[in-house]
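Open the model in your viewer and have the selection tool ready.

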Amino acid sequence: MGTPKILNADHWGQFSAQNALDIIENVPEFTLVEKPSERGLSNATVNILINGVPSIPEHSSPQAYLKQIPIDQIKRVDFYNTNHPYSVASQFSQLINIITHKNNSQTTLYTEFAQQADKVMLDNIALKIAMPWQGWNHQFSANSQNTRYISTADIYEQTPDNIANHIGDESYKEKDKSHSLSLTSRLEDQKNLLQLTINNEKNNYHESTRNLFSTNSKQLFLENTQKSQLNVGVDWQYKGLSTWQLHSVASLRNMQDKTHTHATFFNSTTHSRPQDSSVFMQTQNWRELAAKVILSQPTHALSPELGIAYSRNELIASTLPSEAQSPHYISSDIQEIRYEPYVKLQYALNQNWQVYARINAESAKLTTQGNDSFEFSKVYIKPFVRLSFDNKNAVSISATVKQQVKQLDFEPFIASEESNYDRAFIGNLRLKPMKYDELEMQINYIPNTLVNINLNTFFQWQRDIHEYTLLSDTEVGIGNAGSAQYFGTDLQITLQTDKIVPNSRLEMTHTYRHAIFNDSITGKRAITGLTPQQLNLDFKQDFNALSWGVHYQKSHVYTEYYYDEIYTEKTAPQLSFFTEFNFNTTTHMRFNLTAFGRDKTEFKRQVFTLNRANSLLRNHLYYDVAKPKMSLTVTLKL
């Protein structure tokens, strides 16, 4: 079992930390990692726990959530560079566990105001109340967000001879309004740790795109999505079984999702009446019941652990396609039942070397009903072995070998549309999960007190990958498309620059991704959804009452391969600035300025005749400029 590096008030007092995120950002050896959220209770999605429990909501930004945990509620932070003892986050090598104070009463108000395109709005307001009562520690949270994004774009159409013609202008507006209420109650004694959680979220997303063409015709795309979610969870740990410990978790989740998209076209002579219009509507109802039981003996030399996870998910969807001549809804019902027993062993070979081994046996049954019916049952054996080295000084290394089955996303099973890009996809009720073998290595090197280098690299051999493909004579959707090789690195270098600028540091993060897929249409290419390179630079200087910093993100390219189209996004370089003030022990203020450059993001659509193997039909180019945005955040401890 690894020994954590313990961070307490003496540590974070050196840089005037105000919240949990400030502490984590000042641990140069640590890299925050987010994994895609999965159904059930198999894994945490972030390598940060709170009191040993995955408490960061799956659909929330970890950074935003950690900002709202004030420093006064934190007792200490345990940082594990390797070999942490928490099975709920076993897929992560590094881990941080935030330990909060017991019996600590505090009320914190968090407000954020923003200005974009001459409009001032209340972006976010959050209230957190921590209160002990009857031996329990209760934490109530209420959060309301009303974020907006505004941009304009020039629209070009490019011929196969690369002759670009300006054909119109675009005005884009996005508004995301959400409200959430949550209550976490925690009871702890020498033998028991019980945590109860209830969380309710509602979200209303609205998107408006208005295109005005040089021919004096207009297009208007409106999309509205309403979501609601209720989560109830129980987490119980019992340490009264002599040498064994019992850990059981259960959760119940209910989600509802309603989407309405309206596309309207006006020609140059009938601006008052639409020449053509289409409507796409879809409702989704998703229910999940999940439970997990773990029996472990952490004091044994092998740290044995036995567990089993169970989950039952059902998605019922009703879809009205835009091309439907009459109100004819397509019904889809997807059900999944999974059992996943596992056994884990962990052994210290000596004071520097440790080995961790786990084997999971996943039994999954998937049943789909709609225009077609399909049932799929399979048992997967998923081994996981990690060998780690830590000399407790300058170098730590971990190497992981695993076989994995990626959990199916339910979205490809149902029809979907993207009206503003004239795309329509049918659901694939016969989709199977992607499987892959992975070799991963993580190296952390600290040659001296001024430099910290963290490198993570992996190689995957993927099978049954998901790509856009022809599912019928004329209809396209996501299907199993063969095998691919996927390689990537994540590099983070932190330099303490105190000798140049007092109390400062410079951080560079670089991400590289490469894939080889043998496409049946065009031959070898990358997989869809790939961003080859990303580079970020951060500079920060801290004082007792003042901090400031600059963030730079280099331009990068994202690509998607559709059946008859190649879509790319080339983002503009982004430069942002922030400064923070501590007026006293109860009041904190932060000012942010983002997107104050005038560089344009390029959206490009290469549309081909029939499919990508044939001749290029036309190019659509959109040059988008985001409006600069200023925000002011005020945190009050009441």
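Select Arg186 and Gln195: their side chains make a polar contact at 3.1 Å (a pair of N or O atoms within 3.5 Å, where one must be able to donate a hydrogen and the other to accept it, and residues adjacent in sequence count only if both atoms are side-chain atoms). This is a predicted model, where local features need pLDDT of at least 70 and side-chain atom pairs count only at pLDDT 80 or more, while totals for chains, interfaces and linings use all residues. Residues are numbered from 1 along each chain as its sequence is written, and side-chain values use heavy atoms, without hydrogens and water.

Next, colour strand β8 (residues 164-188), where Arg186 lies; strands here are DSSP runs of E with at least two residues, numbered from the N terminus. Is Arg186 buried or exposed? Arg186 counts as buried because its relative accessibility is 12%, and buried means under 20% relative accessible area with a 1.4 Å probe and protein chains only.

Now show what surrounds Arg186. Leaving aside neighbours within four places in sequence, its contacts include Asn51, Trp136 and Leu193 (heavy atoms within 4.5 Å).

For the last stop, select β14 (330-348), β15 (353-369) and β16 (374-390), each of which supplies at least two residues of the lining of the largest cavity. β15 gives the most, with three residues.

Conventions:
Helix = DSSP H or I, 4+ residues; strand = E, 2+ residues; numbered from the N terminus. Buried < 20%, exposed > 50% of the residue type's maximum accessible area, 1.4 Å probe, protein only.
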